[in-house]
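Reader: Hi! Could you walk me through this one?

Author: Happy to, let's look at it together.

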Amino acid sequence: MNDVIKKVISDGMEFDELSVEGSESKYTVTITSDQFSGKSTIQRHKMIYALLNNYIKTGEIHALTIKAMTLDESKN
């Protein structure tokens, strides 16, 4: 499922770094993208949830932790 999550996010937005960890429907997505510039944490999370919504609805993803930052934020 980790590879599926990576593919869905890759197809839906541009990013500099992306990692997905987890199993058994509990995953952590760490993503660095300048598409998050000027967006609140909630707005950033909504972007990722929108991409993965079908898997959340089916229960394939039950718990999702998102660490979303811009490139500049990742350097601090």
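This is a predicted model: local features need pLDDT of at least 70, side-chain atom pairs count only at pLDDT 80 or more; totals for chains, interfaces and linings use all residues.

Reader: Thanks! Leaving aside neighbours within four places in sequence, what is L52 in contact with?

Author: With those neighbours set aside, L52 contacts I5, V8, I9, I61 and L64.

Reader: And which residues of the largest nonpolar core touch the most other members?

Author: Those are I5, I9, V29, I31, I48, L52 and L64, out of 16 residues in that core. A nonpolar core here is a set of buried (under 20% relative accessible area, 1.4 Å probe, protein chains only) Ala, Val, Leu, Ile, Met, Phe, Trp, Tyr and Cys residues joined through side-chain atoms within 4.5 Å. Helix 1 (2-12), strand 1 (17-23), strand 2 (26-32), helix 2 (41-58) and strand 3 (63-69) each give at least two residues to this core. Helices (H or I, at least four residues) and strands (E, at least two) are DSSP runs, numbered from the N terminus.

Reader: New topic: what is the strand order in the sheet?

Author: The open sheet of three strands has the order 1-2-3, with mixed pairing; strands pair if DSSP finds at least two bridges between them. Strand 1 and strand 3 are the edge strands.

Reader: How many bridges join strand 1 to strand 2?

Author: Seven, and these two strands run antiparallel. E17, for one, has T32 in strand 2 as its bridge partner.

How values were computed
Residues are numbered from 1 along each chain as its sequence is written. Side-chain values use heavy atoms; hydrogens and water are left out. Buried means under 20% relative accessible area, exposed over 50%, partly exposed in between (1.4 Å probe, protein chains only). Contact means heavy atoms within 4.5 Å.
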